[in-house]
Amino acid sequence: MGTTRHRRWLIGYVVLLGVLVLAASLVTTALMGSASYLPIARDYPGRLTGLVTTFVRAVADLSSLVTVGALTSALVAGKARPVRESGSRRQLEIAEWFEPIVVRRAAAVWVISSGLLIAFDSADSNGLSLGRIASPSALWFAMFSGDFGRAWMITCLAAIVVLVTSVVTVRWVAYLIALWAALAGSLAPVVVGQVLVGPRHDFAGDSAVYQTVVAQLLLGLAVVQTLRLATGRRNRALDRAHWRSVAMVGAAVLIVTEAVLLWFKLAGSSPFASATGWLTLARLAALALVAVGLYSVAGSKLPLGAVLLTTGTAAFVACGIAMTRIPPPQFFVPTSISQIFFGFDLSKPPAFATLVSQWRPNLLFVAAAVAAITAYLAGVMRLRRRGESWPVGRTIAWTLGWVLIVVVTSSGLGKYSGASFAVHMAMHMALSMLIPIPLVLGGPLTLALNALPAAAKDAQPGPHEWIVAVLHSRPLKALYHPLLVFGIYIGSYYGLYFTNAFGTLMKFHWAHQLMNAHFLLVGCLYFGLVIGVDQTPRKLPSLAKLGFLFAAMPFHAFFGVILMSDGAIIGDSFYQHLELPWKVDLAATQHTAGGIAWAGGEIPLLIVVVVLALQWAVQDGKLAKRIDRHLDSGLDDSYDAYNAMLERLADRTADRTADRTADRTADRTADRTKEPR
């Protein structure tokens, strides 16, 4: 249940926990000293640089947690009211000022701290003292000689987006965009950190992505709801049954991903043999405390649950910051070139049998597939419990699409996509040209709108209204502009492969995953406009869909021809550094990739043409049946109306003819009277 009682001691407790997080991080840095740098061949920048960097990093992590938590609370747990934007279109607006104020203040701190870390963390990772980075040339070198400077630039930009959004508007969709930006900013320094180094870092990187997102959403929401409770405001999330279920699932995700990270960082060593192991065990204990806090909240013990949640959150964050100062055991495991780039070794060339038999789970897409199929089937079951039907073909299409995603990303195609440009092209053509077809035919948004009940007239807007608000928003309408979608869809290939971007991105697991997600999403945007079941913000006429589809064929063909021509090798330096155990002819591989791009662009488009023709036939059949039903029931008066229209036109013609005859007669009579006698 909610509460209106002030519990000011909770504010003091939350502040105390924040101070303890800062203190624990600084103590760890002071105790480690040069041991954080020298064992991994990094110059020691001095105690002051390490302490200042750790302090600012702790402030940035805490402020980002509160920022994401306040955004989440405003979106899913705060009050929202519908407002009329233009015509009959309605948008949602944040109706309470507590969360927007928290967002502004936390985002302002996040902007400052992440901006400072662009310089401080760059200096710390390059072994430069704070005095040395006062030189512009040294600072510029430090910022762009490693990954941390670039990562904090992205974080700072994301924080600025959140801050500006919270200042200029309280629109629900704007806050949703700000939340996406905040999550991207939170991920940037994580994916380039310790999870990027060592064997099996592909598993660790994917686990860290899910853990960071869920931790920011769940733990940030817990902190903000505790602040609401402390200031006498109603607790709008943690005491609700459906939010408790989601929170418990989130806690389970955090514990599982932390276990995977423990397995990765220990690299076969005992968890009691290193500081990293002890800190990871402490993080698991903190997450267990979070789960107990959620259970206590479920029992309506709000103050006790809030204390447990915030205590577990503080311990989790403090141990995470401390772990960034300690080289984990996986840093010292012998690593091959393939393991440096991919996280695993490749012992056989990518023959057909190898691609079929060599599987390696892509945790990012496997988990996404399980969640997407489960949510879809839950929606179908909800409709059936209400006595409503849902087309079986759509369910099959959606399930098939996600199964294909798992097959493409986790089979030999996904495993060898980094080592062979031809395999890479086959996987990306499947993600952008083939797999989006069944996904857009599944109609997930239509299912969600049918399965989720609409809120009552004066009730608080819920998930149904959130989806409607997004679909009617101006940003989504702008994104679905056909020219923009076409430009992104075609330009992605030319921009990625004919610049230096491809060779740079292939060096990092997170970048490879980002490419996969980008091509999949862009493909869904493109085919959603043509054959999608869901209603898009912009609709194309039937003939325009066909033209929109055929317009892409020459660009794909031309792209394939360029790859097959005797030009520069794409990603040459990257492939040269792999030192694979088999001989690779890069020119022949690129020629094969060109053929795949050519054929892979034509065949799916022809499939879409067939699907589009079938959709037209179904629509025509439904229209004909509708007309027949009206005619059989005697309710269709379209032909009578047509005959009446013809009669009215005939009457108008007769009247006009009579008027003209009368006018001519009058003119003749007047002329005769004027003639002299």
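Author: In what follows, Ala, Val, Leu, Ile, Met, Phe, Trp, Tyr, Cys and Pro count as nonpolar, Asp, Glu, Lys and Arg as charged, and the others, Gly among them, as polar. The model discussed here is predicted.

Reader: How do the residues of the lining of the largest cavity divide into nonpolar, polar and charged?

Author: The largest cavity has a volume of about 260 Å³, and 21 residues line it. Those residues divide into eight nonpolar, nine polar and four charged.

Reader: Which residues of that lining are the closest to the centre of the largest cavity?

Author: The structure holds five cavities of 30 Å³ or more, and the question concerns the largest of them, at about 260 Å³. Of its 21 lining residues, the closest to the centre are Phe344, Asn362, Gly414, His509 and His512.

Reader: Which helix supplies the largest share of the lining of the largest cavity?

Author: Helix 7 (201-230), helix 15 (412-415) and helix 23 (509-531) each supply at least two residues of this lining. The largest share is four residues, and it comes from helix 23.

Reader: How many charged residues are in the lining of the second largest cavity?

Author: The second largest cavity holds about 50 Å³ of space. Its lining includes Ala419, Ser420, Phe421, Ile569 and Ile570. The lining residues divide into seven nonpolar and three polar, and the number charged is none.

Reader: Which helix gives the largest share of the lining of the second largest cavity?

Author: Among the residues that line this cavity are Leu586, Thr589 and Gln590. The largest share of the lining is three residues, and it comes from helix 27 (residues 586-633).

Definitions and conventions. Residues are numbered from 1 along each chain as its sequence is written. This is a predicted model: local features need pLDDT of at least 70, side-chain atom pairs count only at pLDDT 80 or more; totals for chains, interfaces and linings use all residues. Side-chain values use heavy atoms; hydrogens and water are left out. On a 1 Å grid over the protein atoms alone, a cavity is a set of points where a 1.4 Å probe fits but cannot get out, and a pocket is an open set with protein on both sides within 12 Å along at least five of seven lines; lining residues have an atom within 4 Å of a point. Grid points are joined across faces, edges and corners, and a volume is the space filled by probe spheres set on the points.
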